[in-house]
Amino acid sequence: MLGLYPEIEPYVQGMLPVGDGNEIYWEECGDPEGKPVIFLHGGPGGGSSPRHRRLFDPDRYRIVLFDQRGCGRSTPNCATPEAELSVNTTWHLVADIERLREHLDIEHWMVFGGSWGSVLGLTYAETHPGRVTELVLRGVATLRVKELQWLYGGGAAFLFPEAWSRFLAPVPYSRRQENLIEVYHELLSHPDPAVHGPAAIAWSRWEGETVKLRPHDEVIDAFSDPTFALAIARIENHYFRHGGWLAEDQLLRDAGKLRDIPCVLVQGRYDVVTPAITAWELSQVLPSAELVMVGDSGHAFDEPGTLHELISATDRFARDWQGAGTRKDERNADMLFGDEHVRRYEETDGEVGHDWEQGAPCLILTTKGRKTGEDRKFALIYQFDDDDNPVIVASKGGAPEDPGWYKNLQANPEVKAQVKADKFTARARTLEGEERAKLWEKLAAVWPDYNDYAKKTDREIPVVVLERV
């Protein structure tokens, strides 16, 4: 199973004025000479994240991410009173994408979008088909009435009744049979924070509770953050009550404009947020589209089966790109990254996952989350010191700040480690001076990129020994 590529930082970023007092945050990472791709985040109003960069091979892609109007790092944020929603529509976003393409001097690019990003991707591609080389869409939606009524009219409530009761909580009992999108519009527009605040959290939390096949507390907590919730609830409600400013069935009716564009649709069979019927119906009117129905996934992009299919699609389109340079080593289709690497390693006691890229050995490190107190697991390259204690490097690819796992062990140095079948408790200690230099050299011998990472950052990259206890 394929997983996320390693963490990567932008090589350039900025703010682009797009009119109406709005500026959108954008960034580029990967290879400046690589295949251009733009990532369209969900929501609307969800914002992009560092994990989204990792859906693309950084040695092959010129990866463009941006935060759509009113959310993330774009300004003004819709959680603030000065944000004007009347100038935040699907067609404003389509124009923003074109303005960004021109600003970055990109002639054509691949479009990758999930959930709301699939709606925006389809709309953009049908408006500017000559600018799109390929489409990869996940959790496909078109904002038809039946799709919105499924999620906000009580259909999904049959599967998530407890979560639905929390969604209904801010709604007066006498109004619960009305159009809830309109009722929520009134609540979210109310000037009193005691009214719009709880309504925003209830709206956003409903999505957080239904987004995965098996709900995750950390996802629900993120969607329940008051600032994030207010921005996404206001923008989503604004878009949904207007049907995305799209005619009913418009995106399906105009799908013929995409007949010459290679398209992959990745759809979770048990997706509650954007049910599978829409992806299937799109595939029926777009015969050139490849529909991949993932049998054990919900809506989220990072559920293992969905993630594997997304990475497979982006890898395949990169290989087919004539402008791509030739890499010395093709990525092993069985190579593991991130959570999938940890899972397969633990399932097989390292028979799968211990020997990684270029033969580098990996262990599994378990830390306590410094904020949550929950176990956090990471697959990391290691070498042994003279006392047979594993030594690891907190490189984060040369990023300006230390990786999260290192911050966790700084807060609590008591950790657990697994080297193949050997599982043990350890105390983490950061090395200094000659001891650090000696072991840095040993680790760089198995992963030479560490030397490149050190040149990219002003911090001294920590080297950590895991001393058995």
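Reply: In this predicted model, Thr278 has a relative accessible area of 1%, so Thr278 is classed as buried, the limit being under 20%. Thr278 is found in helix 11, which comprises residues 276-285. When residues up to four places away in sequence are not counted, Thr278 touches Val140, Ala141, Thr142, Arg144 and Glu147.

Burial may also be followed in strand 5, residues 109-114. Six of the six residues of strand 5 are buried, and the strand is described as mostly covered. Strand 5 pairs with strand 3 (residues 35-40) in the parallel sense, over four bridges. Within this pairing, Phe39 has Phe112 of strand 5 as its bridge partner. Strand 5 also pairs with strand 6 (residues 132-138), again in the parallel sense, over five bridges. Here Trp109 stands opposite Val132 in strand 6. Between strand 5 and strand 6 the chain passes through helix 3 (residues 116-127), and this β-α-β crossover is right-handed.

Strands of a sheet pair through backbone hydrogen bonds, either parallel or antiparallel. Strand 13 and strand 14 run antiparallel and are joined by six bridges.

Helix 14 (residues 404-411) brings burial and sheet together. Trp405, Tyr406, Asn408 and Leu409 of helix 14 are buried. Viewed down the axis of helix 14, the buried residues fall within an arc of 155 degrees, so they line one face of the helix. The elements that cover these buried residues include strand 9 (362-368), strand 10 (375-381) and strand 12 (390-393). Strand 13 (414-419), strand 14 (422-430) and strand 15 (463-468) are also among the covering elements.

Notes:
Residues numbered from 1 in each chain as written. Predicted model: local features only at pLDDT ≥ 70, side-chain atom pairs only at ≥ 80, totals over all residues. Heavy atoms only, no water. Buried < 20%, exposed > 50% of the residue type's maximum accessible area, 1.4 Å probe, protein only. Helix = DSSP H or I, 4+ residues; strand = E, 2+ residues; numbered from the N terminus. Arc of directions from axis to C-beta. Contact = heavy atoms within 4.5 Å. Pairing = 2+ DSSP bridges. Right-handed = clockwise from strand over helix to strand, strands pointing away.
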